[in-house]
Amino acid sequence: MPEPSTTRMRAYVVGQRSWTSLLWNAITSFDVSHGASIAEIPIPGINDSEVLVKVKAVAQNPTDFKHIDMVSPPNSIVGCDFAGVVDQVGANAPGNWKVGDRIAGVVHGGLHTDRGSYAQYLKAEGDLAWKIPDSVTDQQAATYGISAVTAMQGLYLNLDVPWPDENARSTPKELLVYAGSTGASLFAIQLAKLAGYRVVTTCSPHSFDLVKQYGADAAYDYHDDDTLAKIKAEFPNISGAFDGISAGQSTKICSQAIAGGRGKVITLGPGMKSSVKGVEVVSILMYTLLGRPFQLFAPLGPKWLTVPEDRAALVRFYAMLPSLISRGLRSPPTKVVDGGFDGLRPGMDLLKAGKISGQKLIVNLS
Ligand SMILES: NC(=O)c1ccc[n+]([C@@H]2O[C@H](COP(=O)([O-])OP(=O)(O)OC[C@H]3O[C@@H](n4cnc5c(N)ncnc54)[C@H](OP(=O)(O)O)[C@@H]3O)[C@@H](O)[C@H]2O)c1
């Protein structure tokens with residue numbers, strides 16, 4: 001494909017799909033992200049509060065193929081997580097950005113024709129991004145998108161975990177991070193430890209060393225029928241749980257692990273119910289952090305309004321992220337998928353096939 005002119009760029013864009021194909025994908029989950037392809041489209045224009053970013057590296061998330069397969073309107077640009085370099089700065093863009101600064105963040109990809117990270121350029125609001133320190137590579141920086149901000153949203157906004165600029169718990173509380181080796185959970189474990197919690201997690205035995213390196217105090221195999229009993233025996237005071245996979249029995253097990261049947265479970269999927277009276281199950285969606293109303297499956301699907309407190313929390317988190325990194329907050333292990341734009345689809349195929357464990361897939365786009 002020829003290099004784009006100054007006004008056009010390469011991007012990974014959703015094609016036209018029929019309602020029947022969308023329904024088929026939703027029911028079968030067989031169609032592996034084949035509803036999108038590389039296209040040449042206009043470079044998005046920015047408004048006064050935005051910056052234009054030349055994208056260097058993107059991290060891949062399950063939501064990318066879920067949007068393609070089930071949610072995205074035609075012509076939307078796929079991809080949420082990014083790291084790159086500032087190319088243009090809006091007249092009043094917050095963040096004191098200069099052309100050439102290294103920048104990373106997250107956008108709601110797969111929903112808009114002019115906003116998404118699987119592209120040579122993207123536009124982002126100046127305060128919904130962060131400055132990458134010299135110690136962090138573009139590939140590592142790209143992982144502080146969906147995974148990191150979902151952990152932040154779950155813990156700081158919903159589980160009453162103190163922010164890093166507040167006092168850590170003087171008497172340690174206990175937190176269950178279910179599915180500790182997922183992207184969001186590796187951040188949740190670290191944020192909970194920064195706040196002084198004892199953290200117990202579940203994962204496959206091959207991930208035990210990994211989750212302990214990221215701070216977990218104990219790890220149990222979620223395939224083992226006795227795991228719940230073992231967790232309750234060693235961690236009898238769990239008051240909250242972050243369900244980092246929200247699949248199968250995970251939310252039920254989280255609910256049952258809460259001490260005394262009083263506490264809260266954060267799930268990442270819709271419609272999860274508590275199986276224990278007195279335990280509240282709260283479903284979160286990280287897109288509410290981005291400060292824009294949105295609708296999935298328009299025009300009939302559910303709508304989300306703006307949540308100003310959520311947006312303010314993301315601004316606060318990204319402003320403090322460089323200092324958190326200097327205090328030891330680490331990206332999950334990364335694995336680069338070769339091929340630039342041609343690597344985007346194979347990466348999503350690997351994610352959808354469940355072949356990625358304890359790693360963020362990265363694609364270098366320039
Ligand atoms: N609501 C939101 O805003 C939001 C945000 C982020 C993610 N999510 C959703 O959360 C899910 C995870 O996303 P992710 O990007 O964090 O995933 P990921 O890192 O790609 O997940 C891979 C990991 O999942 C673990 N795993 C798979 N099945 C499991 C199970 N039944 N129990 C425990 N662990 C299991 C595997 O662990 P082992 O190899 O150790 O077995 C593997 O390390 C996806 O469905 C995603 O769409 C939602």
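Q: Which residue forms a salt bridge with Glu166?
A: This is a predicted model, where local features need pLDDT of at least 70 and side-chain atom pairs count only at pLDDT 80 or more, while totals for chains, interfaces and linings use all residues. Residues are numbered from 1 along each chain as its sequence is written, and side-chain values use heavy atoms, with hydrogens and water left out. A salt bridge here is a side-chain nitrogen of Lys or Arg within 4 Å of a carboxyl oxygen of Asp or Glu. The closest N and O atoms of the pair are 3.4 Å apart, and the partner of Glu166 is Arg316.

Q: How many residues apart in sequence are the parts that Glu125 and Arg311 tie together?
A: The side chains of Glu125 and Arg311 meet in a salt bridge, with 2.7 Å from N to O. Glu125 lies in strand 6 and Arg311 in helix 9 (residues 308-326), so the parts they tie together are apart in sequence by 186 residues. Helices (H or I, at least four residues) and strands (E, at least two) are DSSP runs, numbered from the N terminus. The separation asked for is thus 186 residues.

Q: How much area do domain 1 and domain 2 bury between them?
A: An automatic or database domain assignment sets the bounds, giving domain 1 (8-144 + 293-364) and domain 2 (152-284). Their contact (heavy atoms within 4.5 Å) takes 19 residues from domain 1 and 20 residues from domain 2. Buried area is the accessible area (1.4 Å probe) that two parts lose on being put together, summed over both. Of the area between these domains, 64% is on carbon and sulfur atoms, and the total is about 1,600 Å².

Q: What volume does the largest cavity have?
A: A cavity is a set of points on a 1 Å grid over the protein atoms alone where a 1.4 Å probe fits but cannot get out, and its lining residues have an atom within 4 Å of a point. Points are joined across faces, edges and corners, and a volume is the space filled by probe spheres set on them. The count comes to two cavities of 30 Å³ or more. The largest has a volume of about 70 Å³.

Q: Which strand gives the largest share of the lining of the largest cavity?
A: The lining includes Lys123, Ala124 and Glu125. By class it has five nonpolar (Ala, Val, Leu, Ile, Met, Phe, Trp, Tyr, Cys, Pro), four charged (Asp, Glu, Lys, Arg) and one polar residue (the others, Gly among them). Three residues, the largest share, come from residues 121-125, which form strand 6.

Q: To which proline does the cis peptide bond from Ala298 lead?
A: Most residues other than glycine have a negative phi, and most peptide bonds are trans. The bond from Ala298 is cis, with omega near 10°. The proline lies in the loop between strand 14 (294-295) and strand 15 (303-304), and it is Pro299.

Terms used. 1 Å grid on protein atoms, 1.4 Å probe; cavity = no way out; pocket = protein on both sides within 12 Å on 5 of 7 lines; lining within 4 Å.
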